[in-house]
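Q: Could you take a close look at a single part of this model and describe its surroundings with care?

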Amino acid sequence: MRVDDGGPRDDIDTVADAWRRDGLSEPLIAMLEVSKRAGRIAMLVQQAVRAELAELGLTYAEFEVLTVLRREGEPYRLRPSELTRSAFLTSGGTSNVLQRLQRAGYIEREANTGDARSRFVQLTGEGLQVTERALEASGAAHEEVMAGVPQRDVRDAADALREILLVIGKRRFR
């Protein structure tokens, strides 16, 4: 239980104090603190990454699609449905992103010789280059946001969040 022990406090601690006054249980408060802090960290990192990506003319969704293709390795190719799943986008969102990336010359769509009903999405040479620059920019943004946080704390938090995600990550909620 983390009640005011005189140690450092953040904005979430102030909110947790109010939850305690409202009579919420400590286990529930801890759960709320995890989700609030994880959300706040994600927001701060995404703000920094989005600013870097904007300088490259990319949106965050475009970056996600490009990096999913890049992670596949050569020939940097997937079906749109696989891209949608891996980038955590909707099919409509993926379609819009693919159109923009194709107009920019970063991807191309090619016929799937094994299935005439589907096509592949593949990074172009220019797409691979912009993806590499975007990954560097994203890494720099992460380092800037996390500057001053001890590496051990980052590793411990990553490991703890993995354990939580392994339990709750496969659940589907309305």
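A: The account below begins with one threonine and then turns to a helix pair and to the aromatic rings.

This is a predicted model, in which local features need pLDDT of at least 70 and side-chain atom pairs count only at pLDDT 80 or more, while totals for chains, interfaces and linings use all residues. Residues are numbered from 1 along each chain as its sequence is written, and side-chain values use heavy atoms, with hydrogens and water left out.

T67 belongs to helix α3, residues 60-71 (helices are DSSP runs of H or I with at least four residues, numbered from the N terminus). With a relative accessible area of 7%, T67 is buried (under 20% relative accessible area, with a 1.4 Å probe and protein chains only). The side chain of T67 reaches the backbone oxygen of E64 at 3.0 Å. Leaving aside residues up to four places away in sequence, T67 touches T131 and L135 (heavy atoms within 4.5 Å), and A134, although 67 residues from T67 in sequence, lies 8.7 Å from T67, C-alpha to C-alpha.

Elsewhere, helix α4 (residues 80-87) and helix α5 (residues 91-104) pack at an angle of about 110 degrees with their axes 9 Å apart, the axes being lines fitted to C-alpha atoms over the stretch in contact and the angles running from 0 to 180 degrees between N-to-C directions. The two helices, α4 and α5, are therefore roughly perpendicular to each other (65 to 115 degrees). At their meeting, P80, L83 and T84 of α4 face S91, T94 and L98 of α5.

As for the rings, R77 lies over the face of F120, at 4.3 Å from the ring centre (CZ of Arg within 6 Å of the ring centre and within 35 degrees of the ring normal).

Definitions and conventions: Buried < 20%, exposed > 50% of the residue type's maximum accessible area, 1.4 Å probe, protein only. Polar contact = N/O pair within 3.5 Å; in protein donor to acceptor, adjacent residues only side chain to side chain. Parallel < 35°, antiparallel > 145°, perpendicular 65-115°, else oblique.
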